[in-house]
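Please keep the sequence and the three-dimensional view side by side while you read. The paragraphs that follow go from a sheet to its strands, and then on to helices.

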Amino acid sequence: MGTWKTRSSSNKKKVCYISVPALIIKSVSSSSLHSFLHNRSSKKNTNKFFNLVNPKLWALLLFLLTILGISLRLGLCLSPFGFGDHKSQLQSSDSNVPPKSHLSIAFRRSNTTQVEISNAKDRSLDTGVEKNETFGGVQSHLITSNGNGQGDIYEFWKQPDGLGYKPCLDFSIGYRRESKKIATERRRYLMVVVSGGLNQQKIQIVDAVVIARILGAVLVVPILQINLIWGDESEFSDIFDLEQFKSVLANDVKIVSLLPASKLMTRPSEEGGMPFNASPQWIRSHYLKRFNKEGVLLLRRLDSRLSKDLPSDLQKLRCKVAFEALKFSPRVMEMGKKLAERMRSKGPYIALHLRMEKDVWVRTGCLSGLSSKYDEIVNMERIKRPELLTAKSSMTSNERKLAGLCPLNAKEVTRLLRALGAPRDARIYWAGGEPLGGKEALKPLTSEFPHLYNKYDIALPLELKPFAKRASIMAAIDYIVCKESDVFMASHGGNMGHAIQGHRAYEGHKKIITPNKRHMLPYFANTSMSKTEFEKMIKKLHRQSLGQPELRISKAGRDVTKYPVPECMSNQVTSTII
């Protein structure tokens, strides 16, 4: 197999195409066409081509002349990717469509970089995604005939209006004045142990930086607790870019990799009793005294215990940590970006975070909807380990589902995407653990959207081997590919879904579908509705759930890293520094 390349959008060369009926094509054998091309390149065989005794070659010549004449007559000129006419059709069919659509912008962005995949990579993709035949196909299928019409497909890829909101982290004069004192701090050292999966770790690291700022302490690089479930022994610098972390926060919190020699023999004062919704006042009153004894404080089990409603400067600091300081390490970023480029090598793509693992069904008190066999597996696990159930035990699984408290299964994800206008040939990247039921659980998705991939499908055989026992790094790769997608949807909230929602908002309100489960599921169960009525209602329910700016002001108690407007983003030309 050859090398794939995407052409630069600056290439002005046009290629002419024409549609020819299949019957005409079949009338000319492939051997004749091969003979024609071979003989055209060889001067020695020129006379053979004009052999009057060969009627097939005369038929081929007549066929080619006919194509040339028709194409000149009609003047059908398309761009190298065949989208020139599609764009004009979209604009002419809908008077409300702006001259430069979001769809064309997305496609141009996908072709700004030359993507080359070697023969080895091609073979890997063919092997890894054999069930999907090809990865991306010969050309991009941004707009195809899929039953919904071109307008629906345009709307599906269209990005939300960001209302001009851009990152704005203007700290107050008082905050900046205090920063000068913190930069010289040498007496107080805060150590933090973070636990859980990748996105739980990120939340705790963000809070650790804020707590260090509140206490005016030096932060020792957070220690990642070994995950007993996955056995992940990754350290901070394995997952995150340590130098980026230190340099970006240099004016906010002093960060060191290790305790200084003078503190190495000090037994840290350990405190693990932080209550939920702890305020800066509570933290100062309880922890400053600890520093007076030993000078080193160790905190465990932060687990989102710091209040979500903090003073403006501390909210901005949260955003600064989450979106600017806490970047993934270079090798993790390289792997994630590489997979994202492969997904977009032929056009836009959808990313799904599917929460269909066995432990998710157990913890939420919900059932997968696969079969009684799998329902029994979930119920038995719940009986054996009742501590895993985090939902209200007084509610039945059906009541939880109707209340919107359950993850969507593959069938429901499929119906939602189709109702919202997702084209059948859209490339979809799915992130998440192995679903309960394996491939069987994903059948509704693969039957409707055959171009469905995860990181194992699109990576080369040895590319992911260095991260095989690093669950947090694998999750980081998923995070990058999902964040870079044109459309993102999580089947059931969670830390990763919330983190990506906030990150995409901070980077310009890229489209994210938030399933309106509580209101849409009754329509899923209504068999009397026509397909047209169903799709119309689903679109109506999600009109304001597509990644538009949401003000955290109306969501007190919500994390600013999920809703960065207005504390961390502004749509004003100039910002007033308080």
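**The sheet and its helices**

In this predicted model, five strands form an open sheet in the order β12-β11-β10-β13-β14, and their pairing is parallel. The edges are taken by β12 (452–453) and β14 (512–513), each of which has a single partner strand, so one side of each is left without a neighbour in the sheet.

How many of the residues of β10 are buried? Five of its five residues are buried, and the strand is therefore described as mostly covered, where buried means under 20% relative accessible area. In a regular strand, the side chains alternate between the two faces of the sheet. In β10, Y349, A351 and H353 point one way, whereas I350 and L352 point the other way, and all of them are buried.

Helix α19 touches β10 (349–353), β11 (427–431), β13 and β14, and its direction makes about 145 degrees with that of β13. Helix α23 (residues 494–506) also packs on the sheet, where it touches β10, β11, β13 and β14, and the direction of α23 makes about 150 degrees with that of β13.

Finally, consider how α19 meets another helix. Helix α19 (residues 410–419) packs against helix α24 (residues 517–525) at an angle of about 95 degrees, and their axes are 12 Å apart. Because of this angle, α19 is roughly perpendicular to α24. Which residues in α19 and α24 meet? From α19 come E412, R415 and L416, and from α24 come M520, L521 and F524. When the residues of this contact are sorted by kind, four are nonpolar, two are charged and none is polar.

Definitions and conventions. Residues numbered from 1 in each chain as written. Predicted model: local features only at pLDDT ≥ 70, side-chain atom pairs only at ≥ 80, totals over all residues. Heavy atoms only, no water. Axes fitted to C-alpha atoms, helices over the stretch in contact; angles between N-to-C directions. Helix = DSSP H or I, 4+ residues; strand = E, 2+ residues; numbered from the N terminus. Parallel < 35°, antiparallel > 145°, perpendicular 65-115°, else oblique. Contact = heavy atoms within 4.5 Å. Nonpolar A, V, L, I, M, F, W, Y, C, P; charged D, E, K, R; others polar. Pairing = 2+ DSSP bridges. Buried < 20%, exposed > 50% of the residue type's maximum accessible area, 1.4 Å probe, protein only.
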